[in-house]
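Please examine the backbone of the model shown below.

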Amino acid sequence: MSVKTIAGVEVNVSEEGYLENMSQWNEEIAKEIASELGIELTPKHFELINYLRKKTADKEALTIRSVGKSGIVDVKGLYELFPKGPLKFSSKIAGIPKPTSCI
Amino acid sequence: MKQLLILGAGTAGTMMSNHLLPKLNKNEWQITIVDQYKTHYYQPGFLFLPFDIYTENQVKKVGKKFIQKDVNYIQKKIEKIIPKENKVELEDETLNYDILIIATGSKIAPEETEGLIGPLWKKDIFDFYTYEGSLALRNKLRNWEGGKLVIHITEMPIKCPVAPLEFAFLADTYFREKGMRDKVEITYVTPLTGAFTKPTCSNALAYLLKEKNIHMESDFAIEHVDNDSKEIVDFEDRRIPFDLLVTIPTNMGDDVIAKSGLGDDLNFIPTDHNTLQSKAHENIFVIGDATNVPASKAGSVAHFQAETLTDNILLYMDGNPLKKEFDGHANCFIETGNNKALLIDFNYVTEPVHGNFPFAKIGPLKLLKESVFNHWGKLAFRWIYWNMLLKGIAIPFVHRNMSFKGKVFDIKSDKN
């Protein structure tokens, strides 16, 4: 764990740059992480990001399938918003932990 | 007479019946367990069956052998759970319950992916998460002449999340021993960021893929299987060609959970992470693969859950508050080929650690490190499963909650 300044705010991040504490997140931080990933955030992105944050706060596991059924985007749409790594990039931008398996 | 009803006589259901029977007053409580299938499979054996390491008879027994005679064992199909009326409909009768334990497990759902059950299914596309699939794959491998072997995970969560990786490792050994490793290209395809998603593990284990010459394709969420070109295709039209596809299809909870309106999108039941009580109904408890708790779907997890759940059922019967005890503890052997294995020990919040198990400093098993001892441990576990685990006999020195003695937490990732 290390401390990094993103959008002028000091936040705790994992070795791979995921926020360790989702309450340190704000929209400016999201925009800055997104721009590092080459993604410009639109209102649709934020709608999805808020959905992911709510699910995480409720301790629900995130899957591509559940996002596809969120009513916000289908899976194809998710890829369009976050190309090349929909769950990992959206999680990083949303300030929530990286989806992992047991090892 | 009060009724304690268990749905499912797999690993978790059988254990619950055996744990609870000696603890309940026989004049007050009747235990009933329902499962339509007669055979109890040793599911970890499905990993070994394709490589002729286990035989058919080593992975299956008659389920009835493991249910005690004082338990009412009903072999019928479950049609619907009706929580409002405390009833369960079977194919030709209806059961009432005071307490319900749902242990209906998870199953593969290949129909969820377009093109998976097509002309190539069971010809060049196989699963090994079912007895039939694993056996068909064994017969295929015995005569296969080589080519592109693709091992593929459709989506998470899956039962025994490390099994696909173990399959890749064992395949490397299998083809080498057959003298045909140079004819086989092994590719591991995952929807996650890699074979190892936790820093401790990627640091300690990334060498395995290189050593065994296994190619990696990450962040791949399958959209369909192209049966004509023999490729798996993702949502961005990334295509991975195969000659032999070993896939782990979507895993889902039982259909009866969906029919009863008790599950999430994957038919897993919202369950309290620490007490194992269902979130929607206080007299319904859930165990094993049927829950939505973010622990591994594995027999060891069901084993640790069973100990907590047994205590909680007894507390509930007496009107006492439940223990918030289950910590997501899992303890799994991971075969790495060449007669070696790893052992991992972790829970909801703690990543797999280094150290010794079960005794600090002594072991004899090493955590997160390849050893021949661990491989023997995995093979010995089949005996433990049939003779101790299912019968509810505690495994000596292995505690339901994760122990932090003799474990090392200072592992740093290479990325630092």
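B:Leu276 counts as buried because it has 25 C-beta neighbours inside 10 Å; a residue is buried if 20 or more other C-beta atoms, placed from the backbone, lie within 10 Å of its own, exposed if 12 or fewer, and partly exposed in between. This is a predicted model, in which local features need pLDDT of at least 70 and side-chain atom pairs count only at pLDDT 80 or more, while totals for chains, interfaces and linings use all residues. Residues are numbered from 1 along each chain as its sequence is written, and chains are lettered from A and ligands numbered from 1 in the order in which they are written.

Most residues other than glycine have a negative phi, and most peptide bonds are trans.

**Positive phi**

- B:Leu276 has a positive phi, near 70°, although it is not glycine.
- B:Leu276 lies in the loop between helix H5 (255-259) and strand S20 (284-286) of chain B; helices (H or I, at least four residues) and strands (E, at least two) are DSSP runs, numbered from the N terminus.
- B:Leu368, also a residue other than glycine, has a positive phi near 60°.
- B:Leu368 is placed in the loop between strand S24 (363-367) and helix H7 (372-389) of chain B.
- B:Leu368 counts as buried because 25 C-beta neighbours lie inside 10 Å.

**Cis peptide bonds**

- B:Met156 and B:Pro157 are joined by a cis peptide bond, with omega about 0°.
- B:Pro157 belongs to the loop between strand S12 (147-153) and helix H3 (163-177) of chain B.
- From B:Phe357 to B:Pro358 the peptide bond is cis, and its omega is near -5°.
- B:Pro358 is located in strand S23 (residues 354-359) of chain B.
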